[in-house]
Amino acid sequence: MTSNADTTKPSVNLNNLILHLHPRRIKAPTLRFTVTFGLGGMAALLVVIQVFTGLLLKFHYEPSPDNAYNSILNLQQGLLFGQLARNLHHWSAVLLLWTTFLHMLRVLFTGAYRKPRHMNWFFGIVLLMLVILSNFTGYLLPWDQLSYWAVTISTSLLDYIPFIGSSIRESLLGGKEVDAASLTNFFNLHTGVIPVLMVVLMGYHFWRIRKAGGVIVADKDKDEPMIDTYPHLVARELVVALVLIAILFLLGSLFDAPLRERANPAISPNPAKAPWYFMGLQELLIHFHPFFAVVIFPVILLLAGFWLPYIKLTDNNQGIWFLSENGKRAGIYAFLAGLVMTILFILVSDVLPDPEMLLPFIPSLITTGFIPFLVAAGGIFLFLKYLHGKFSLNRSEYIQCVIIILVVSYTVLSFTGILFRGEGMKLMWPWQL
Amino acid sequence: MTPALSDKKAKDTSGRRDFLRKAWPVVGLVAAAEFLLFTINMLRPGKELSKSNPISTLKIIGNVEDFQVNSVTTDRVNKLFLVRQQDGGFLALSLICSHLGCSVAWDEPNTRFICPCHSSAFDKFGNVVNSPAARALDYFPVTIEAGKVKVDISRKMKRKKFDKSQVTYAL
């Protein structure tokens, strides 16, 4: 090291690597933790941890129905740190889903989906779907009662897509039922196809951030000074990364990844539940005809997601959490309304007799599909009308309220499915399960 | 109106170039679609051309007299219920719920099949008595030969609801 070494400058090698990912200088306000909560960076780090722990697990896992379960048992019981490796893979997968989802909410609630960031919004949706798919294909691999039936339920959902549904299902499973071919398919998708796609898209995703001029900033901060990425941003990233890794090791040491009895294709456990991130969907299926829960809702959501950046907006409030004071206040109303309306919907639908039994002469697509859909959509519409009158919302605040209601509803549905559904999927308190 | 020679030449060139510029992405998209279909096809099960020991799909479940009138027998190995109806007819119902593929169980006191996943319920003809299931349990064709009840488990039949023709009688 020469005498004029400067500790505020990284070594040449490190410099090259960091400055390929980051610009040399960034806007000072983007350093504030509450601008992004570091969620995108956390997701990226978790993907790296997934790859690393996944590669370790591959040394011991055998993807065949005869050996898969035993290979997991051997890994956990016969190998030093085997259980820890699996726990870390499990918990980083759970955290990855959470951070990706929260990252998406951050982008929505700071208006960062607008042009020129729209391409990153689109590829963000694709990446979120890849994260879900990656999680889901990994779910089957332990081949226990939990994973076998969760995958059976989830893939049966595909049958309700008209015309192409059962063909998609057969391609995914490599046959009509979950068996050896399905395990081969899932293993290869999980350990090969999806990770490669994800890494490529992540590269593109990062490059687009630079292309858009860095993380979003509010108009009032546009003229703030630029500062050096190293050490200001890099030091902060390192802190977040180390805290996250510490939390992950804590989780992995304290809580084991679940493993039930070996899969038995003849007996489904009672209750049989989908993976936790699909539990909102499974809860929805108790109240809605499968065609609505599996086809109508996801298609509407996806189309709305891709259409979002093209809606003409009248304000320029991006970069500010919840857009404005008005948006914040209306958002709290939307949050409470989503909470109350969803809980009421679940309770009323539970108490009411089956509409099919009441009106057996009307097709169930109408009684358990169209009618509850109209009730739910009508309720949301009337509430938004009230909110619009109360706060005179502009368009982006209005959209924000719709998003809040949808997110809260899905969260309530998920919690109901995970915590409040016991034997026979009946409603009960968590301590009665 | 006669355009200058150089103009005309330029226009021709740009027309051809324009066409090629537009054609390339189309060709690329077609190639990408082909590659995608090729990939998805690799996931699907192929025809099994060589099988070490072919297993018959026609299963003998038991003798006719083994099954009491008005009873339900659970066969978890072949994933079916053999139901002997009030009038002595046989009906083989699939163990798999028509809603989302969980395995249903016979609830004797309430005389109905109940699914543990979403509490769908079916009567002993397989008809839905409680949603969310939207159609009856699948059935398998039953044949009775020389006093033996046989079920072809390769032929799982989908149906909206029960029909008399799905029941087989011992002669």
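Which domains does the domain assignment of chain A give? Domain 1 (18-269) and domain 2 (277-433); the bounds come from an automatic or database domain assignment.

This is a predicted model: local features need pLDDT of at least 70, side-chain atom pairs count only at pLDDT 80 or more, and totals for chains, interfaces and linings use all residues. Residues are numbered from 1 along each chain as its sequence is written, with chains lettered from A and ligands numbered from 1 in the order in which they are written.

**View 1. The two domains of chain A.** The C-alpha centres of domain 1 and domain 2 of chain A lie 25 Å apart. Their contact (C-beta atoms, placed from the backbone, within 7 Å) takes 25 residues from domain 1 and 24 residues from domain 2.

**View 2. The side of domain 1 of chain A that touches domain 2 of chain A.** Helix 5 (82-109), helix 6 (118-140) and helix 7 of chain A each give two or more residues. Helices are DSSP runs (H or I, at least four residues), numbered from the N terminus. Helix 6 of chain A supplies the largest share, six residues.

**View 3. The largest nonpolar core.** A nonpolar core joins buried Ala, Val, Leu, Ile, Met, Phe, Trp, Tyr and Cys residues through C-beta atoms within 7 Å. Buried means that 20 or more other C-beta atoms lie within 10 Å of the residue's own, with C-beta atoms placed from the backbone. This core has 68 residues; B:Leu80, B:Ala92 and B:Cys102 touch the most other members. Helix 7 (residues 145-156) of chain A gives the largest share, six residues.

**View 4. Around B:Cys102.** Leaving out residues up to four places away in sequence, B:Cys102 touches A:Trp149, A:Thr152, A:Ile153, A:Ser268 and A:Ala272 among others. From chain B, its contacts include B:Cys97 and B:Pro116.

Methods:
A residue is buried if 20 or more other C-beta atoms lie within 10 Å of its own, exposed if 12 or fewer, and partly exposed in between; C-beta atoms are placed from the backbone. Two residues are in contact if their C-beta atoms, placed from the backbone, lie within 7 Å.
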